[in-house]
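Have a look at the model before reading on.

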Amino acid sequence: MTSKTILRALAGETQAVPPAWLMRQAGRYLPEYKATRAQAGDFLSLCYTPDLAAEVTLQPIRRFGFDAAILFADILLVPQALGADLWFVTGEGPRLSTIDGQADFDALKPVGAIHDTLSPVYETVKILSRELPSDTTLIGFAGAPWTVATYMIAGRGTPDQAPAHALRTGNPALFDALMDRITEATIEYLSAQVEAGAEVVKLFDSWAGSLPADAFETYAIAPARRIITALKDRHPGLPVIAFPREAGPAYEGFAKATGADCVALDNSVDAAWAVAHVQKDGCVQGNLDPKLMVTGGQQLIDEAKRIKAAFSGGPHIFNLGHGITPDADPENVNVLLEAIRS
Ligand code: 1CP
């Protein structure tokens, strides 16, 4: 049996102390991240410079001793590799060229071309698999097709994903062709990460919750199933974490329907409900409110202990319900880890 506690949880083992990592654990709440980012010049240069991307991935491991490291990259590198223009506006977020009609889709590159852009990411994975401590699990990741499509269609983050919904219902043939292209690219991208040394992969479907019930199967479940099936065919035994954020009642059955080994829960999900309806099928990850990493104090300790206790009867990976925010206090990470490890 492996000494890697994350792999043990993903294999279905119940552990007295759940292994822990945090979404966005490499990020702007850490002064050392800001320093390395400044050295890189901008966010995309950081993503595409393997030594620096590996450095920021390792920073939270050195500082806090998390049980997993997540590759430093972004879900929007795949659209860029497919030919979309991508840039980041400081203080605002990502901007991309949009997909408005057939001509924009026809201008995208074929799936086989993605490695030309993404090969530095695989180099980062190789560095990390050499340099990580032997008990730290390396997680690779990609965005799920629906979430990636929302950014490609709108050209930016949107509160309600309205442009993607308009294309989905107004021009389903074009929308489905785009979903297909992203799905196939995601399979090749994650497969290359695994070949480079990623031990687990995670699919981030951050906007799954905006899909109406009658579209959830087609655009959240089916693409995840296709990706997970293809990856497990090529890499037997590869553990996969799926994060259909804000899926609500559709969290139930998601692991079985997609083949995921673990479902990550956002912080709107009630733990008692999740134990009965999600953890019954296997490992769950989550789901502390990221705001507590800002406010800290006894409330952070109590909530961490409550979540640990709630999921203690089955396989559990401790995490937040969404990414840690730039205003979080790094000292609260120590408080959190002490609360769940003591
Ligand atoms: O200024 C900066 O330094 C950029 C902030 C930042 C960071 C640290 C962005 C821009 N991306 C990242 C890294 C990142 N993104 C990781 C690295 C590993 C880690 O977790 O430590 C990961 C896994 C992601 C995933 C990601 N990017 C998601 C899915 C998860 C989620 O948060 O819902 C999404 C939606 C993105 C797009 C994106 N990239 C960056 C921003 C600010 C956004 C959100 C944009 C928006 O919707 O407005």
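Two strands count as paired if DSSP finds at least two bridges between them. Strands (E, at least two residues) and helices (H or I, at least four) are DSSP runs, numbered from the N terminus. Bear in mind that this is a predicted model, in which local features need pLDDT of at least 70, side-chain atom pairs count only at pLDDT 80 or more, and totals for chains, interfaces and linings use all residues. Residue numbers start from 1 along each chain as its sequence is written.

Strands 2 and 3 make a hairpin with 3 residues between them, and Gly91 in the turn has a positive phi of about 80°. Trp87 has Arg95 in strand 3 as its bridge partner. Here are two strand pairs:

| Pair | Direction | Bridges |
|---|---|---|
| Strand 2 (residues 86–89) and strand 3 (residues 93–96) | antiparallel | 4 bridges |
| Strand 7 (residues 262–264) and strand 8 (residues 283–288) | parallel | 3 bridges |

Now for the helices. Helix 8 (residues 145–154) packs on helix 9 (residues 162–170) at an angle of about 100°, their axes 8 Å apart. Axes here are lines fitted to C-alpha atoms, for helices over the stretch in contact, with angles running from 0 to 180 degrees between N-to-C directions. So helix 8 is roughly perpendicular to helix 9, a label for angles of 65 to 115 degrees. From helix 8, Ala149, Thr150, Ile153 and Ala154 meet Pro163, Ala164 and Leu167 of helix 9, where contact means C-beta atoms, placed from the backbone, within 7 Å. That contact divides into 6 nonpolar, 1 polar and no charged residues.

What surrounds the ligand? There are 20 residues around it, the closest being Ala26, Gly93, Gly157, Phe204 and Ser206; the cut-off is a C-beta atom, placed from the backbone, within 6 Å. By class, this shell holds 10 nonpolar, 6 polar and 4 charged residues. Nonpolar covers Ala, Val, Leu, Ile, Met, Phe, Trp, Tyr, Cys and Pro, charged covers Asp, Glu, Lys and Arg, and the others, Gly among them, are polar.

Terms used: Parallel < 35°, antiparallel > 145°, perpendicular 65-115°, else oblique. Contact = placed C-beta atoms within 7 Å.
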